[in-house]
Amino acid sequence: MLLTLIRRYSKPYMPYIVAVVVFQLASTIAALYLPSLNAQIIDEGVSRGDTDFIWRTGSVMLLVAIVQVGTAIAGVYYGSKTAMAVGRDLRRGVFRKVTSFSAKDVNRFGAPTLITRGTNDVQQVQMLVLMGLNFMVATPIMCIGGIIMALREDISLSWLVWVSVPVLFVVVGYLVVRLMPLFRSMQKKIDRINAVLREQIIGIRVVRAFVREPYETDRFGVANKDLTDVSLKIGALFVLMFPAIGMILHLSTAAVLWFGGQRVDSGEMQVGSLTAFLQYLLQILMAVMMGTFMAMMIPRASVCGDRIGEVLDVEPSIHDPERPETPATVAGVVEYRNVTFAYPGAETPVLSNVSFTARPGETVAIIGSTGAGKTSLLALLPRLYDIAEGEVLLDGVSVSNLDRAEITKRVALVPQRPYLFSGTIEHNLRFGKTEATDQELWDALQIAQGGDFVREKKNGLNARIAQGGTNVSGGQRQRLCIARALITKPKVYLFDDSFSALDVATDARLRAALKQTTADATVIIVAQRISTITDADQILVLDNGRIVDRGTHEELLETSPTYQEIVESQLSVEEMA
Ligand code: CTP
Ligand code: MG
């Protein structure tokens, strides 16, 4: 999974990767050459007092050193460029995919983990690519080349290489094996922290209102402690790792000096060879260490790669039809034909056998107790969910055979939970129609009864809106959402309890103004207050997902016991007031 991902996303950067390989190769070979030049200077130049030789070899050495540094820099530069580009593309891939998700697909994962996957997980993969590009070429060459060069300097000290390299390998390997499961669990704990934090920030008002801070603090505390514990365990292993590596390096140095020193004493080896041998050994050990470090990153990054891949592999459950149909007319006729719908994973349907028609110029109202399925019913027209049985038709064509762009062109939904995006009022209003003129915005606001409060704001249309629209009142948020829908000038308006946060007088004014604008459009209103819907052409009484009664206000008052109940309950409330 990780490999497929990397291969797919690094393909456009092949030239960079080739550059990295070439530069790394050059810099490694140069690095391997340096100690042997150094040895030549000491053994052949200094010991013979040959200044000429020292100068000549010295300048070669300087040149090699410059090449080594230059190519190393270039290698790291292109490596970083590639890794960052891969990270950027992966993030973009996850983002694009998630935007194409239906509500069902998002629920399958949950928002927090989608966020972690698009950020932290991508970063882990990006890190591996970076390390991989920086060390992939250098490490094996350094290791093998170092051994060859060391043996060339002095073959009888070679046993030091055969002892120290495996010891280092075993020690670092042991620590890495212990670290791997910890890293894996760390990723889960980060998910958990994100989930808890997100929920608490979004629900902060509720937490305050119910004085749940201590409980929530505890809940976060537990998640936080979990993460801390894992991090501490990782830290403890790292604390062991560095002294262990240091000790192996120092012991190896001491051993080289001790045994090499004896050979120098007895004249079997020259001082320059000894220093070169020592440098090679250290280079080899460093390479082994880097290699093991990298090996350590692979499991963690591959867990992350799998998690990212899971998201990228999802085939969105709702997508545009392959051969979309185009309705003959753009009128806005809505027809539900024997619609039965159940939420994914639910056993019982929330809507059963719902049929009705709403024509242009008509207002159809839906009323029913909470949980009756009103919101679910509206969600089927813009195809937020696919239905199990029956058909939802728009201008005579089933919505599943329409391009979703075609649907949004005709249908505007004002959702029950009005949502605004961070930005300005203007930016939110233009959401459905970017080219709308200022006059159009003000007109829509006027109809939605939001003109006054926007005018009162210091910056007017440019007033800031916080994420989710939390810095305006519930009623203001509703009015802005209504205005946003009006601006698109759709054929079909869906108002889901969109007047609930308005006082009765504003509600009446808004509906009077709406009536003119929506005169030729199809309007479907979900409402709680009977007064909102008395003049509707058709009222559907929804109970438990079924339409139990239908008719006008007057008809229902006579025939529908359920409707009468609702009316009575509201009358008594009004009388009490
Ligand atoms: N439901 C669900 N999953 C969702 C939304 C709703 O399972 N994502 C179920 C709930 O159990 C609910 C039923 O669908 O009982 C109907 O929900 P909804 O259509 O939202 O009810 P409304 O009639 O809109 O209720 P309200 O008046 O409270 O808005
Ligand atoms: Mg609802």
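Select Thr 340 to begin: with a relative accessible area of 14%, Thr 340 is buried (buried means under 20% relative accessible area, exposed over 50%, and partly exposed in between, using a 1.4 Å probe and protein chains only). This is a predicted model, in which local features need pLDDT of at least 70 and side-chain atom pairs count only at pLDDT 80 or more, while totals for chains, interfaces and linings use all residues. Residues are numbered from 1 along each chain as its sequence is written, chains are lettered from A and ligands numbered from 1 in the order in which they are written, and side-chain values use heavy atoms, with hydrogens and water left out.

**Stop 1: around Thr 340**

Colour strand β1, residues 334-341, and you will find Thr 340 in it. Helices (H or I, at least four residues) and strands (E, at least two) are DSSP runs, numbered from the N terminus. Now show what Thr 340 touches, not counting residues up to four places away in sequence: Pro 349, Leu 351, Ser 352, Asn 353, Ile 387, Ala 388 and Glu 389. Contact here means heavy atoms within 4.5 Å.

**Stop 2: ligand 1**

Which residues surround ligand 1? Select Tyr 343, Val 350, Thr 370, Gly 371, Ala 372, Gly 373, Lys 374, Thr 375, Ser 376, Gln 416 and Gln 528 to see them; a residue counts as near if one of its heavy atoms lies within 4 Å of the molecule. This shell divides into three nonpolar residues, seven polar and one charged. In that grouping, Ala, Val, Leu, Ile, Met, Phe, Trp, Tyr, Cys and Pro count as nonpolar, Asp, Glu, Lys and Arg as charged, and the others, Gly among them, as polar.

A polar atom in the side chain of Thr 375 is 2.6 Å from an oxygen atom of ligand 1. For Ser 376, a side-chain N or O atom lies 2.5 Å from a ligand 1 oxygen, and for Gln 416 the corresponding distance is 2.6 Å. The protein buries 62% of the 610 Å² that ligand 1 exposes when taken alone; accessible areas come from the Shrake-Rupley method with a 1.4 Å probe.

**Stop 3: the nonpolar cores**

Move to Leu 168 and Phe 277, which touch the most other members of the largest nonpolar core, a set of 48 residues. Such a core is a set of buried Ala, Val, Leu, Ile, Met, Phe, Trp, Tyr and Cys residues joined through side-chain atoms within 4.5 Å. Two or more residues each come from α2 (14-46), α6 (138-153), α7 (158-202), α9 (213-265) and α10 (271-312), and α7 gives the largest share, 14 residues.

Zoom in on Phe 277: leaving aside neighbours within four places in sequence, its contacts include Ala 150, Leu 157, Leu 160, Val 161, Val 256 and Met 269. A second, separate core has 45 residues, among them Ala 463, Leu 486, Ile 487 and Phe 495.

**Stop 4**

In helix α10, pick out Arg 300. Is Arg 300 buried or exposed? At a relative accessible area of 15%, Arg 300 is buried, and it touches Gln 124, Phe 183, Met 186 and Gln 187, not counting residues up to four places away in sequence.

Helix α7 holds Pro 181, which is partly exposed at 48% relative accessibility.

Finish at Thr 517 in helix α17, residues 504-517, where the relative accessible area of 39% makes Thr 517 partly exposed. Thr 517 and Ile 447 are 70 residues apart in sequence, with 8.2 Å between their C-alpha atoms.

Terms used. A polar contact is a pair of N or O atoms within 3.5 Å; within protein, one must be able to donate a hydrogen and the other to accept it, and residues adjacent in sequence count only if both atoms are side-chain atoms.
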